[in-house]
Amino acid sequence: MNWDQIQGKWKQAKGQAQQKWGDLTEDDLDVVDGKRQELVGKVQERYGIAKEEAEKQVKEFESSCNC
């Protein structure tokens, strides 16, 4: 799935993102609002990881999302 599709179905994708990154709050995901770079930033911030690692995790999410 590409990111445009995920962004278009963010309400459904949000639940899957919450499962993958349990430390992200509902508010975090509302702020992200389907924007890829916002999600990368939130993952990086919440988990204290490097931007490259956050990018890698979001890319994995993008390819495995069943939204």
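**Entry 1: α4 against α5**

I began with this pair and found that α4 passes α5 in a right-handed crossing (right-handed if the near helix is turned clockwise from the far one by less than a right angle, left-handed if anticlockwise). The model is predicted, so I kept in mind that local features need pLDDT of at least 70 and side-chain atom pairs count only at pLDDT 80 or more, while totals for chains, interfaces and linings use all residues. Residues are numbered from 1 along each chain as its sequence is written, and side-chain values use heavy atoms, without hydrogens and water.

Helices here are DSSP runs of H or I with at least four residues, numbered from the N terminus. I looked up the geometry next: the axes of α4 and α5 are 9 Å apart and the packing angle is about 125° (axes are lines fitted to C-alpha atoms over the helix stretch in contact, with angles from 0 to 180 degrees between N-to-C directions). That makes α4 oblique to α5; angles under 35 degrees count as roughly parallel, over 145 as roughly antiparallel, 65 to 115 as roughly perpendicular, and the rest as oblique.

Which residues meet? From α4 I noted Arg-36, Gln-37, Leu-39, Val-40, Val-43 and Gln-44, and from α5 Lys-51, Ala-54, Glu-55, Gln-57, Val-58, Lys-59, Phe-61 and Glu-62 (contact means heavy atoms within 4.5 Å). By class, this contact has six nonpolar, three polar and five charged residues. Ala, Val, Leu, Ile, Met, Phe, Trp, Tyr, Cys and Pro count as nonpolar, Asp, Glu, Lys and Arg as charged, and the others, Gly among them, as polar.

Is Glu-62 buried or exposed? I found Glu-62 buried, at 15% relative accessibility (buried means under 20%, exposed over 50%, partly exposed in between, with a 1.4 Å probe and protein chains only). Glu-62 lies in α5 and, leaving aside neighbours within four places in sequence, is in contact with Met-1, Asn-2, Trp-3, Ile-6 and Arg-36.

Lys-42, in helix α4 (residues 36-47), is buried as well, with a relative accessible area of 15%. With neighbours within four places in sequence set aside, Lys-42 is in contact with Leu-24, Asp-28, Val-31 and Val-32.

**Entry 2: α2 against α5**

I then turned to helix α2 (residues 10-20) and helix α5 (residues 51-64), whose axes come within 11 Å and cross at roughly 135°. These two helices are therefore oblique to each other, and their crossing is right-handed. Ala-13, Gln-16, Ala-17 and Lys-20 in α2 meet Gln-57, Glu-60, Phe-61 and Ser-64 in α5. I read off three nonpolar, three polar and two charged residues for this contact.

**Entry 3: the core**

The largest nonpolar core has 17 residues, and those with the most contacts inside it are Trp-3, Ile-6, Trp-10, Ala-13, Trp-21, Leu-39 and Phe-61. Such a core is a set of buried Ala, Val, Leu, Ile, Met, Phe, Trp, Tyr and Cys residues joined through side-chain atoms within 4.5 Å. I checked where its members come from: α1 (3-8), α2, α3 (26-32), α4 and α5 each supply at least two. Ala-13 touches Ile-6, Phe-61, Cys-65 and Cys-67, not counting residues up to four places away in sequence.

**Entry 4: two loops**

Lys-9 sits in the loop between α1 and α2 and is partly exposed at 38% relative accessibility. I found 6.6 Å between the C-alpha atoms of Lys-9 and Cys-67, 58 residues apart along the chain.

Asp-33, in the loop between α3 and α4, has a positive phi near 45°. I noted that most residues other than glycine have a negative phi. Asp-33 counts as partly exposed, at 45% relative accessibility.
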